[in-house]
Amino acid sequence: MFRAWIGAMVVGVLACLPSFADSTVLADFEDTDYGAWKVTGDAFGTHPARGTLQGQMDVTGFKGKALVNSFHNGDGATGTLTSPEFVIDKPCISFLIGGGKYPGETCMDLLIDGKQVRTSTGPNDVPGGSERLRWQSWDVREFAGKKATIQIVDKRTGGWGHINVDQIVLGDEPMNSEQRRSIQIDKPFLNLPIKNGASKSLLRVLRGDEILREYDIELTDSTPDFWVAIDMTAFKGDTLTLWADGLETDAALKQATLAESLIGGENLYQERLRPQFHFSPQRGWNNDPNGLVYYKGEYHLFFQHNPVGWNWGNMTWGHAVSKDLVHWTELGDAIHPDKLGTIFSGSAVIDEANTTGFKTGDESPIVCVYTSAGGTGRWSEDQPFTQSLAYSNDRGRSWTKYSGNPVQAHINGGNRDPKAFWYAPGNCWVIVLYLDDKRMAIFNSPDLKQWTQQSELTCFHECPELFELPVDGDANNKKWVLYGASGEYYIGTFDGKTYTPETQILPFQFGNCFYASQTYNNIPVEDGRRIQIAWGTIGDQSMPFNQMMDFPVELTLRTTSDGVRMCAWPVREIESLYANKKEWKDVALSANLLEGVQGDCFDIEAVLVPGDAKEVGFIVRGIPVQYDVAKEQLTCADKSANVKLENGELSLRLLVDRMSIEIFAQRGAVYMPMGLHFDESKQALEVVSKEGKAQAKSLAVRELRSAWTQ
């Protein structure tokens with residue numbers, strides 16, 4: 001609502017010069033409509049937005065529950081929003097603003113006698129960016145006593161074609177919400193109190209004027225939902241400054257606590273909904289797996305990580321290692337945001353020949369190739385997306401960013417997600433890079449620092465992956481697989497420069513809990529497996545962590561009745577978790593066959609013979625996994641896949657964890673990873689058939705121990 005001060009808004013004459021006594025909120029946009037503000041076009045809707053609109057990135061930094069947001073109907077909509085006339089009786093107008101950085105097109109103007117005398121825009125004009133509103137101010141003392149209006153403008157229809165505004169204040173001083181606290185680093189972990197849904201502030205850790213860390217963060221000055229811990233070991237002995245923009249008081253900063261470990265970590269990995277054999281981070285959000293590489297007995301798993309919040313943001317490379325792909329040790333964040341951007345997805349290689357020149361000791365460098373996502377934070381708001389390197393000479397325990405970053409300049413749009421590997425026939429590195437608009441580019445490089453584009457292919461959306469597999473295990477008959485984030489793939493050939501598809505686009509997975517998968521580089525030749533990990537897209541806001549990784553699977557190319565197809569099968573190392581086991585052979589299916597079998601973590605493997613039954617399958621903790629014989633269709637929750645019987649038999653394998661069932665049919669020819677919210681009171685398993693007699697040729701139910709408690 002547009003609010004008056006010292007006299008009427010539209011009528012009345014200023015009787016005397018202003019007193020400049022205090023601040024007045026002109027508009028906070030908390031009402032159910034725009035009041036006396038005049039709306040044209042369709043960009044602003046008929047009332048203030050209640051935060052983020054459909055199809056928009058998360059909007060933060062506004063006050064209260066509502067704001068002006070011209071993303072109604074997307075970036076294609078246009079319009080204006082104009083205030084009633086008011087009198088300038090204080091020297092400063094401050095306001096929160098975000099959105100597009102296009103003067104005259106996405107802006108807020110101060111008009112006197114119909115002429116623009118001040119204007120401001122949002123911060124964004126390249127892909128990426130942030131929807132966070134920030135304070136800006138106009139010095140208007142020269143217009144004291146004059147009548148004015150404010151007009152919020154959206155005339156742009158392209159990217160970032162919208163403007164966000166809130167909390168317009170007339171006052172004596174520019175508005176800001178900056179708070180500071182000096183802190184001496186005498187313990188390794190800085191614990192920060194987090195409240196889901198709290199207003200986001202910008203937090204920086206400073207050493208003098210040098211920015212060490214930057215986070216958009218939901219700090220609280222009350223009882224937190226959970227604590228997060230930032231590793232400060234590298235700054236031991238330093239006196240640093242915690243600087244926040246967006247806090248009304250310094251109370252939240254005063255709660256920040258240095259400690260030897262994570263506050264509230266006593267129950268770590270045993271939380272009620274913590275996956276027990278799928279990787280999830282100790283705290284915060286994770287998405288894409290990054291940098292999957294094997295080196296000297298350790299599988300490295302990097303991942304997109306928000307270390308200070310439950311939602312997406314602050315993209316950092318988290319890092320964990322495992323000797324068996326089952327038991328993971330989280331090492332802490334490896335690559336942090338900087339002035340080039342937050343750290344988006346990429347890959348890792350072992351530079352055995354030291355082509356980069358990074359080697360300084362006895363170990364081969366582990367080199368991470370990643371996207372510097374410029375514009376995704378204030379630190380990098382004027383930068384585009386580029387590609388960068390970081391390396392480790394101590395088996396991944398410490399990391400150095402290459403001083404020559406970025407190694408690949410911006411090409412177009414949101415170019416990102418470099419997948420690198422050594423191509424021995426060409427004696428060079430190959431990098432596959434997503435260019436936007438379902439375009440992938442292939443580069444060669446002698447040293448990962450100099451990239452030469454060789455070809456381009458229109459195919460998939462983001463997170464490319466390219467590797468070679470034998471068909472049916474025949475080392476003399478190999479094909480190259482190229483795929484994108486959803487798992488859709490081609491089978492074809494690759495000569496080091498150009499990929500040539502030999503199939504149409506093929507589906508790989510049929511579930512609701514799979515995205516942005518990557519496969520391991522540098523698996524030993526004697527092992528010979530191609531091992532994949534995907535982002536398991538499931539979480540619950542009652543937990544201090546969000547999302548997980550799907551269980552690692554081995555990929556193979558196998559000849560099926562439909563042709564050569566990529567198949568997935570859980571890695572054999574899962575056997576290390578086997579506990580109680582029950583087996584049956586050649587038994588009739590009945591609802592009470594598994595009576596008394598209860599729990600939340602299982603590896604179930606069966607060969608079912610439907611016979612004359614119309615449906616066969618399992619009920620897992622109340623969730624049906626069922627096969628319709630006539631339709632040749634396997635269904636779980638809202639997902640289905642076509643599955644043909646083989647010699648009248650249906651092979652099923654189910655990996656059951658606290659928030660998921662990963663389903664493998666016909667020995668992995670069909671892969672359906674499902675993220676699910678179980679009724680926690682239901683722990684039972686059933687194997688069932690409907691309207692006919694069916695058998696289990698074989699059935700094994702193996703209870704799984706927790707990977708976190710050994």
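Trainee: What should I keep in mind about the numbering and the model before reading any feature?

Mentor: Residues are numbered from 1 along each chain as its sequence is written, and side-chain values use heavy atoms, with hydrogens and water left out. The model is predicted, so that local features need pLDDT of at least 70 and side-chain atom pairs count only at pLDDT 80 or more, while totals for chains, interfaces and linings use all residues.

Trainee: Which residues have the most contacts inside the largest nonpolar core?

Mentor: In soluble globular proteins, nonpolar side chains tend to be buried together. A nonpolar core is a set of buried Ala, Val, Leu, Ile, Met, Phe, Trp, Tyr and Cys residues joined through side-chain atoms within 4.5 Å, where buried means under 20% relative accessible area, exposed over 50% and partly exposed in between (1.4 Å probe, protein chains only). Here the largest such core has 48 residues, and F277, W328, Y520 and M566 have the most contacts inside it. Strands that each supply at least two residues of this core include β21 (284-295), β22 (298-306) and β42 (563-570); strands are DSSP runs of E with at least two residues, helices are runs of H or I with at least four, and both are numbered from the N terminus. Apart from this core lies another, of 38 residues, among them I604, I623, C636 and L699.

Trainee: What does Y520 touch, leaving out residues up to four places away in sequence?

Mentor: Contact means heavy atoms within 4.5 Å. With that exclusion, the residues touched by Y520 include L292, V293, Y294, W328 and I533.

Trainee: How many bridges join β21 to β22?

Mentor: Two strands pair if DSSP finds at least two bridges between them. Seven bridges join β21 to β22, and the two strands run antiparallel, with H300 in β22 as the bridge partner of V293. Their hairpin has two residues between the strands, and K296 takes a positive phi near 45° there. On the other hand, β21 runs parallel to β39 (residues 545-546), to which two bridges join it, and G284 has F545 as its bridge partner in β39. Twelve of the twelve residues of β21 are buried.

Trainee: What is the strand order in the open sheet of four strands?

Mentor: The order is β29-β30-β31-β32, with antiparallel pairing, and the edge strands, each pairing on one side only, are β29 (416-423) and β32 (452-458). Strand β31 (residues 439-445) pairs with β32 over six bridges, and F443 has Q453 in β32 as its bridge partner.

Trainee: Is C601 buried or exposed?

Mentor: C601 counts as buried because its relative accessibility is 4%. This cysteine is found in the loop between β43 (578-588) and β44 (602-609), and, leaving aside neighbours within four places in sequence, its contacts include F277, V656 and L704.

Trainee: How many cavities of 30 Å³ or more are there?

Mentor: Rolling a probe the size of a water molecule over the atoms shows where empty space is left. On a 1 Å grid over the protein atoms alone, a cavity is a set of points where a 1.4 Å probe fits but cannot get out, and lining residues have an atom within 4 Å of a point; grid points are joined across faces, edges and corners, and a volume is the space filled by probe spheres set on the points. The count comes to five cavities of 30 Å³ or more, and about 70 Å³ of space lies in the largest cavity. Of the 13 residues that line the largest cavity, G346, D417, C463, P464 and Q518 are the closest to its centre.

Key. 1 Å grid on protein atoms, 1.4 Å probe; cavity = no way out; pocket = protein on both sides within 12 Å on 5 of 7 lines; lining within 4 Å.
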